[in-house]
Amino acid sequence: MTEPDVAGLQRRLAEFATAREWQPYHTPKNLASALSVEAAELLEIFQWLTPDEANRVMEDPSSAHRVTDEVADVLAYLLQFCGVLGVDPLVALSEKIDRNELRFPVRRRPDGVGFREGGDRHSAE
């Protein structure tokens with residue numbers, strides 16, 4: 001088996017949908033909705049876990065399988081969404097990281113250790 005790549009996975013997903021005549025349902029709105037639902041299903045696995053339990057979730061084969069299945073569902077819908085809209089997800093991510101590096105510069109303490117004072121520590125916006 002060859003190593004999967006983004007374009008190849010997008011082709012497989014498109015072929016899968018075409019064979020089942022699902023294209024009319026694969027609108028940007030529907031795919032974004034499905035992506036949100038699958039992300040919520042991933043979150044549901046962690047909903048009531050303590051931080052320590054969440055860090056160990058992959059140690060249990062049953063919960064690990066659930067996590068990997070939901071990750072696959074999230075990625076599948078994201079790749080289909082990008083395919084429908086013509087977005088290259090790797091370029092989009094690279095450009096977002098570039099913007100975030102400018103938006104959230106590393107500030108150095110006198111001892112040279114990096115840190116960010118105050119503000120939002122999240123860069124996904």
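Gln80 has its place in helix α4 (helices are DSSP runs of H or I of at least four residues, numbered from the N terminus). The model is predicted, so local features need pLDDT of at least 70 and side-chain atom pairs count only at pLDDT 80 or more, while totals for chains, interfaces and linings use all residues. Residues are numbered from 1 along each chain as its sequence is written, and side-chain values use heavy atoms, with hydrogens and water left out.

Gln80 is buried, at a relative accessible area of 14% (buried means under 20%, with a 1.4 Å probe and protein chains only). Beyond its neighbours within four places in sequence, Gln80 is in contact with Leu13, His26 and Leu31 (contact means heavy atoms within 4.5 Å).

Helices α1 (residues 6–19) and α4 (residues 61–85) pack at an angle of about 90°, their axes 9 Å apart (axes are lines fitted to C-alpha atoms over the stretch in contact, and angles run from 0 to 180 degrees between N-to-C directions). α1 is therefore roughly perpendicular to α4 (65 to 115 degrees).

Two pockets follow; a pocket is an open set of 1 Å grid points where a 1.4 Å probe fits, with protein on both sides within 12 Å along at least five of seven lines, and lining residues have an atom within 4 Å of a point. A volume is the space filled by probe spheres set on the points.

| Pocket | Volume | Largest contributor to lining |
|---|---|---|
| Largest | about 390 Å³ | α4, 7 residues |

Methods: Helix = DSSP H or I, 4+ residues; strand = E, 2+ residues; numbered from the N terminus. Parallel < 35°, antiparallel > 145°, perpendicular 65-115°, else oblique. Buried < 20%, exposed > 50% of the residue type's maximum accessible area, 1.4 Å probe, protein only.
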